[in-house]
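Have the sequence and the model open side by side as you read.

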Amino acid sequence: MHSGALQAQKWLRQVERNHGRAYVLKADVRKYFPSINHDILLAMLARRIKCQRTMALLIAIIHSWGPGLPIGNLTSQLAANVYLHELDQEVKQGLRERFYMRYMDDWIIVHHDKQHLHQLRRHLEQWLKDNLALELNDKTQVFPVGTRNGRALDFLGYRMWTTHRRLRTGSVRRMKSRLKIMQREYAKGKIGPEEIRNRINSWVGHAKFADTYRIRSMLLSRARFIRPGSCANSPDNKEQWKHSA
């Protein structure tokens with residue numbers, strides 16, 4: 001995801017530098033996993049998998065669920081990527097779009113011509129309907145990226161401009177909530193310092209990839225983990241996380 005965010009931002013800068021303005025078609029599929037057509041998916045798999053025992057197993061797994069695929073299954077994740085590989089081929093090989101990127105059912109195309117992107121949207125909406133029995137959701141849109149007369153590209157967990165990246169507001173809000181939950185769990189003895197440290201460092205690794213020094217410092221400098229009945233100043237009782245920022 002970090003690599004993808006870097007590449008997307010690189011494209012935004014390249015288009016803005018060469019044309020003065022960068023636009024993005026940002027799209028994702030309406031109710032993607034429940035909308036995957038079993039017959040279309042199995043036909044795709046059959047073109048690539050020659051082992052009949054493997055195909056029989058896949059048929060049993062896919063048909064064990066109702067319409068679509070269950071979210072969370074490893075086989076669902078793999079099959080969902082195979083399903084939209086056809087979209088990748090249409091955009092890259094058929095339409096010859098250079099600046100296209102997809103993460104599961106969330107995808108972008110960067111271009112300098114807004115009308116060109118609107119044409120692509122209409123074409124791909126019809127193509128998805130005709131070939132994959134899919135529809136784009138209402139959040140699909142074309143917009144300019146910029147700090148003035150534009151907006152951020154919200155993609156791969158970050159809000160991106162040509163000049164900088166920020167975390168999604170929801171990511172910060174969720175971390176605030178998680179810190180409060182961890183404080184309660186630590187006070188009750190349900191988790192220890194090592195588990196807290198691992199959870200926080202995981203989020204910090206994600207947050208550091210954006211311009212977040214101030215928000216990281218604010219959140220983590222306020223994080224105090226204390227167990228009642230122990231000395232408040234004991235190193236084993238109080239955990240401070242300012243160094244993690």
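In what follows, two residues are in contact when they have heavy atoms within 4.5 Å of each other. Please keep in mind that this is a predicted model.

**The nonpolar cores**

- The largest nonpolar core has 36 residues, and L153 and I200 are those with the most contacts inside it.
- At least two residues of this core come from each of α1 (2-19), β3 (106-111), β5 (153-155), β6 (158-160), α7 (169-187), α8 (193-207) and α9 (213-221).
- What is L153 in contact with, leaving aside its neighbours within four places in sequence? The partners are A8, L12, V24, K26, I108, F143, V145, Y158, R159 and M160.
- A second, separate core has 34 residues, and L42, M104, L132 and V142 are included in it.

**Helices α8 and α9**

- The axes of α8 and α9 come within 11 Å and cross at roughly 165°. Angles over 145 degrees count as roughly antiparallel, and α8 and α9 are therefore roughly antiparallel to each other.
- The crossing in which α8 passes α9 is right-handed.
- I200, W203, V204 and A207 of α8 make the contact with R216, L219 and L220 of α9.
- By class, this contact of α8 with α9 has six nonpolar residues, no polar ones and one charged residue.
- Within α9, the buried residues are R216, S217, L219 and L220. These buried residues of α9 pack against α7 and α8.
- I200 links two of these topics: I200 is one of the residues with the most contacts inside the largest core, and I200 is also part of the contact between α8 and α9.

**Helices α3 and α5**

- Helix α3 (residues 38-48) and α5 have axes that come within 10 Å and cross at roughly 85°. Angles of 65 to 115 degrees count as roughly perpendicular, so α3 and α5 are roughly perpendicular to each other.
- On the α3 side the contact uses I40, L41, M44, L45, R47 and R48, which meet A79, V82, Y83, H85 and E86 in α5.
- Seven nonpolar, one polar and three charged residues make up the contact of α3 with α5.
- Not counting residues up to four places away in sequence, R48 touches H85 and E86.

**Helices α5 and α6**

- Helix α5 (residues 74-94) packs with helix α6 (residues 114-132) at an angle of about 140°, and their axes are 11 Å apart. That angle makes α5 oblique to α6.
- The crossing of α5 past α6 is right-handed.
- Y83, L84, E86, L87, E90 and V91 of α5 make this contact with H123, L124, W127, L128 and L132 of α6.
- The residues of the contact of α5 with α6 divide into eight nonpolar, one polar and two charged.

**E86, a residue with partners on two sides**

- E86 lies in helix α5, and it takes part in the contact with α3 and in the contact with α6.
- Not counting residues up to four places away in sequence, E86 touches M44, R47, R48, W127 and L132.
- The C-alpha atoms of E86 and N131 are separated by 8.8 Å, while the two residues are 45 residues apart along the chain.

Notes: Residues are numbered from 1 along each chain as its sequence is written. This is a predicted model: local features need pLDDT of at least 70, side-chain atom pairs count only at pLDDT 80 or more; totals for chains, interfaces and linings use all residues. Side-chain values use heavy atoms; hydrogens and water are left out. Axes are lines fitted to C-alpha atoms, for helices over the stretch in contact, and angles run from 0 to 180 degrees between N-to-C directions. Helices (H or I, at least four residues) and strands (E, at least two) are DSSP runs, numbered from the N terminus. Angles under 35 degrees count as roughly parallel, over 145 as roughly antiparallel, 65 to 115 as roughly perpendicular and the rest as oblique. A crossing is left-handed if the near helix is turned anticlockwise from the far one by less than a right angle, and right-handed if clockwise. Ala, Val, Leu, Ile, Met, Phe, Trp, Tyr, Cys and Pro count as nonpolar, Asp, Glu, Lys and Arg as charged, and the others, Gly among them, as polar. A nonpolar core is a set of buried Ala, Val, Leu, Ile, Met, Phe, Trp, Tyr and Cys residues joined through side-chain atoms within 4.5 Å. Buried means under 20% relative accessible area, exposed over 50%, partly exposed in between (1.4 Å probe, protein chains only).
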